[in-house]
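This report describes selected features of one protein model.

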Amino acid sequence: MSAQSPDIAVHPLVIIGSGFASFCLVAHLLETHAVKATDITIIGPHPFGHGAAYSATHGDYRLNVRAQIMRIFSGQPDDFLNWAATELEDNEAHNPQGAFYRRSDFARYLSYLSKRIEGFDALNFMDMQVASLAQHKQCWQLNLTNGDSLMADQLVLATGNPPPRWPCEVSASLSAERAVENPWSGKWLENIKTSDKIVFIGGGLTAMDGLYSLANKAHEGKIEIVMPFAVLPPKQTDWKIEPPVKWPDNIASASQFLKFFSNTLGSRNWTAPAWQSRFEALRINLNAVWQGLDDTEKKRLLRYMGHWWQLARFRSAPQNFEAAQAMMNKGQLQLIKGRVSGLKKQEAKLLAQLQDGGTLSADKAVNCTGPAGCPLILKLLKAGIIAPDFSQRSARIASDFKVLDGQKKPYDNLYALGAMTASSLGDVIGAGTIAKQAESLAASLAPIFR
């Protein structure tokens with residue numbers, strides 16, 4: 001390992017981020033590879049592992065995949081399912097499509113694992129944030145927001161999904177209670193009156209969580225969702241696991257990708273179990289194909305199918321979908337194709353201005369457009385410490401999870417894990433895929449500590 005700086009201690013392995021990806025990596029290092037817990041330092045907020053996805057305390061926020069798919073260890077595929085069977089009493093979770101438990105209950109499962117796996121209590125945990133980092137000799141120097149610094153011999157960026165930011169201009173006169181920028185915790189629902197008219201900006205899973213919660217509160221006010229395409233995510237079915245689809249080796253363009261993808265799917269009915277089974281079989285080997293496309297073709301492919309992919313990939317829990325459908329059937333819920341360009345106060349209400357010149361009057365506006373950019377990653381990009389991916393908003397990452405430097409050469413001791421790797425590596429957003437990433441990266445890192 002690198003020689004220590006005379007005044008700053010060197011930590012063998014530092015992970016920036018304390019969400020699900022970080023938790024999975026640590027679990028594999030400790031359980032599978034017997035790495036010493038005292039060699040691992042985590043920087044991020046408590047509780048460990050919950051992150052943005054599982055820190056939601058609202059009882060109506062549910063997992064959007066069935067319990068059988070939620071796994072951390074590939075060799076223990078039914079561990080969460082077995083734990084839930086003995087620890088949870090949640091009749092609402094069970095559907096013909098499977099068990100869709102609360103996110104807060106999956107967080108409980110992670111806490112259980114942290115007690116079951118030896119070493120979690122001995123980790124070096126620092127509940128703070130990294131302000132900046134830079135190379136120092138062969139190590140990385142991390143400067144914390146409290147003014148302290150530390151050195152890392154091996155560094156993993158697992159920053160997860162940063163909190164949402166408004167995608168439009170918002171008047172300073174609007175209160176946070178009236179214009180909800182970050183709805184992930186579900187606390188905004190405590191301030192909703194039954195008659196409130198609500199505008200959702202964005203129509204993905206965050207909006208679906210909100211609709212289900214409002215339905216459970218017997219909400220009576222009108223709800224409008226403004227979205228690029230006026231289509232909600234389809235409902236999860238009881239799709240079956242099929243053998244992986246073998247993609248051709250010569251796909252080099254978006255058009256070739258789309259042709260094979262469309263021909264293999266066949267049906268356009270994404271609500272059918274057979275369609276969803278085939279879609280999942282296509283996903284298994286998709287990342288290698290994505291990584292083989294150049295930046296121009298990746299951009300072209302996202303223009304063609306990016307929004308559709310988000311809906312097809314992140315399908316809704318049955319409870320949420322059925323609540324939304326019931327609201328639409330009685331005329332309470334309206335989907336509006338478009339984008340919001342601004343929010344401003346209008347007497348006792350707010351006014352949502354649309355890009356096409358239209359306006360919507362409401363009591364509340366809720367931002368459901370997803371995560372913002374990570375401040376630390378954006379700072380590293382601006383400084384030229386890491387190379388940008390084709391989106392220019394995240395790091396460029398090699399297939400072995402190594403982050404590329406400003407000259408697009410991989411660092412020997414800087415890795416990335418989780419959501420921030422999606423633009424470079426492909427379809428890696430989702431608990432199961434992130435857990436597989438963590439398993440692979442742990443296997444690469446473990447020999448360093450032997």
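## Sheet, helix and voids

Val170 stands opposite Leu343 in strand S14. The model is a predicted one, in which local features need pLDDT of at least 70 and side-chain atom pairs count only at pLDDT 80 or more, while totals for chains, interfaces and linings use all residues. Residues are numbered from 1 along each chain as its sequence is written, and side-chain values use heavy atoms, with hydrogens and water left out.

S14 comprises residues 340-346 and runs parallel to S9, to which it is joined by two bridges. Strands here are DSSP runs of E with at least two residues, and helices are runs of H or I with at least four, numbered from the N terminus; two strands pair if DSSP finds at least two bridges between them. The sheet is open, has four strands in the order S9-S14-S15-S16, and shows mixed pairing. Its edges are strand S9 (169-170) and strand S16 (359-362), each of which pairs on one side only.

Helix H3 (residues 79-87) has Asp79, Phe80, Trp83 and Ala84 buried, where buried means under 20% relative accessible area, exposed over 50%, and partly exposed in between (1.4 Å probe, protein chains only). Viewed down the axis of H3, these buried residues fall within an arc of 125°, so they line one face of the helix; the arc is that of the directions from the helix axis to the C-beta atoms. Ala85 and Thr86 are exposed, on the face of H3 turned away from its buried side. Helix H4 (103-116) is included in what covers the buried residues of H3, with contact meaning heavy atoms within 4.5 Å.

On a 1 Å grid over the protein atoms alone, a cavity is a set of points where a 1.4 Å probe fits but cannot get out, and a pocket is an open set with protein on both sides within 12 Å along at least five of seven lines; lining residues have an atom within 4 Å of a point. Grid points are joined across faces, edges and corners, and a volume is the space filled by probe spheres set on the points. The structure holds one cavity of 30 Å³ or more.

| Space | Volume |
|---|---|
| Largest cavity | about 30 Å³ |
| Second largest pocket | about 310 Å³ |

Among the residues lining the largest cavity are Arg62, Arg103, Asp209 and Asn320. The lining of the second largest pocket includes Trp270, Trp275 and Trp308. Helix H6 (254-265) and helix H9 (295-313) each supply at least two residues of this pocket's lining, and H6 gives the largest share, four residues.
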